[in-house]
Amino acid sequence: MKSDGCKKAHLVAKGFSQVEGLDFDQVFSPVVCFETVCLMLALATLENWYITGLDVRSAYLYGKLNEEIYMEQPEGFAVPGQEHKVLHLWRALYGLKQAGLAWWHTLDESLKELRFEHLKSEAGIFFYKKKGTNIVIGIIYIDDALFCGPNKAVVDAIKVQFMCKWECRDLGEPSEFLQM
Amino acid sequence: MQKSTSTPLPAGYYATKNTEPVDADLRSHFQTVIGSLLYLMLGTRPDIAFAVTHLSRHAANPSQDHLNKALYICHYLIGTSTYSLVYNGGSGAGLIACTDSDWGSDPTSRLSQTGFYLKLADGLISWTSCVQKTIAYLSTEAEYMALSDCAHQVTWIRSLLGELSYKLKAILICGDNQGSIFMASNPVTEPCSKHINICYHGIRESVVKGNVELFFIDGAENPADLLTKNLPHEKFMKFRAQLGLHFPSGSI
């Protein structure tokens, strides 16, 4: 239920019925810690960097699954005549235990194509460094992202490339991040 | 409008363990309030860090008094809801850390309290307020453990910034205890300190490698005090102003 009264529904998987070792292996998901967000924002003000934000629409649904997972057809949406069949999941759904991790791996791969590397000491920070151009730092908390760097044009160019890959909502210059 | 309070918890307040049987309704109410406060604390409110972590230790079996005190924190927040952490890009202030401890502050377990924070661009970027895991026989030892915990955090920040190709000089850690600074700077083994667990000696390596530099400040001037106990109003206000928490207008 949203504040304007319209109702939203969302297909979720029954993560609680998953069996460890069979349906999932690892369930952690690397997210950036609050401290790092504060650190990067402080750094950005000291260095007078440009900051821009976006959020990826239904991010979890992009996560590629490594495991073979089947799901019952959702009630009321079963394909007529084929009610006895089950669905084979290719991508993650909200509710799956590994959805967060699967999304992070997918994101990591796609950012690698944009020449970003995640930091070893903080997997939610992505660093873009190319000779002859300015650096760009991506701070990513699951589907909320901030990109910052000294050069507005470079940051914006990266953001455009990122938004070509994923369907995003452009938040422009952010006034809040994670409701803070 | 409800009245607001000037500090998160009354000065000197100490939450004692509830010996009554668990009241399930009270507990779930308490946990909801504490859960929300924890999120605020982790995000942008170092000023309530001690108060929240202190009360959250009673989440398994809270008393009515604990709940009232959790609501006391909420009243404090009502009066300060517009406060935010402000990073001042013009300040040119580099990374600096402050530590403090409160020796034997827990009246039953006699464990000490650690509090430390890291500050960059005149605003806090990381803060911790927690109970130490082992008993400290001396206040020097409690301070030493706090220094060591702080050094861990500093090491992590160093490696993170290192990956972003920043080359940092030694990071200043301030403490208000000469003994612990001496112990961290010199590999001495004295009768009173030889029992300290080896894991806390990591700070010595950081000092030798030049990753951190220790600096003594007067205990009455140590803002990290705010993370180790419930301070009286004047002191609390004085230290809070040094955390980088400001009104949106920029005035303190």
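The model is predicted.

**The sheet**

Chain B holds an open sheet of 5 strands. Their order is β4-β3-β2-β5-β6, and the pairing is mixed. At the edges stand β4 and β6 of chain B. Each has a single partner strand, so one side of each is left without a neighbour in the sheet. From one strand to the next, the twist averages 20°.

Take one pair inside this sheet. Strand β2 of chain B, residues 96–102, runs parallel to β5(B), and 3 bridges join the two. B:Ile96 has its bridge partner in β5(B): B:Leu172.

A helix from the other chain also packs on the sheet. This is α1 of chain A, residues 34–46, and it touches β3 and β4 of chain B. The direction of the helix makes about 155° with that of β4(B).

**A tryptophan in an edge strand**

B:Trp127 is found in strand β4 of chain B. Is B:Trp127 buried or exposed? It is buried, because 25 other C-beta atoms lie within 10 Å and the cut-off for a buried residue is 20 or more. B:Tyr117 is 10 residues away from B:Trp127 in sequence, yet the two are 4.1 Å apart in space, C-alpha to C-alpha. Setting aside neighbours within four places in sequence, B:Trp127 is in contact with B:Pro46, B:Ala49, B:Tyr117 and B:Leu227.

**A helix with a buried side**

Helix α5 of chain B spans residues 178–185. Its buried residues are B:Ser180, B:Ile181, B:Met183 and B:Ala184. Why do they count as being on the same side of α5(B)? They cover an arc of only 160° around the axis, which puts them there. An α-helix has 3.6 residues a turn, so residues three or four places apart point the same way.

What do the buried residues of α5(B) pack against? The table lists these partners.

| Element of chain B | Residues |
|---|---|
| β5 | 171–175 |
| α6 | 202–208 |
| β6 | 212–216 |
| α4 | 139–163 |

**Where the chains meet**

The contact takes 17 residues from chain B and 17 residues from chain A. On the chain B side, α1 (24–43), β4 (123–131) and α4 (139–163) each supply at least two residues. The largest share, 5 residues, comes from α4(B). By class, this side of chain B has 9 nonpolar, 7 polar and 1 charged residues.

Two elements of chain B thus return in this report. β4(B) is an edge strand and supplies residues to the contact with chain A. α4(B) supplies residues to that contact and packs against the buried residues of α5(B).

Notes: Residues are numbered from 1 along each chain as its sequence is written. Chains are lettered from A and ligands numbered from 1 in the order in which they are written. This is a predicted model: local features need pLDDT of at least 70, side-chain atom pairs count only at pLDDT 80 or more; totals for chains, interfaces and linings use all residues. Two residues are in contact if their C-beta atoms, placed from the backbone, lie within 7 Å. Helices (H or I, at least four residues) and strands (E, at least two) are DSSP runs, numbered from the N terminus. Ala, Val, Leu, Ile, Met, Phe, Trp, Tyr, Cys and Pro count as nonpolar, Asp, Glu, Lys and Arg as charged, and the others, Gly among them, as polar. A residue is buried if 20 or more other C-beta atoms lie within 10 Å of its own, exposed if 12 or fewer, and partly exposed in between; C-beta atoms are placed from the backbone. The arc is that of the directions from the helix axis to the C-beta atoms. Two strands pair if DSSP finds at least two bridges between them. Axes are lines fitted to C-alpha atoms, for helices over the stretch in contact, and angles run from 0 to 180 degrees between N-to-C directions.
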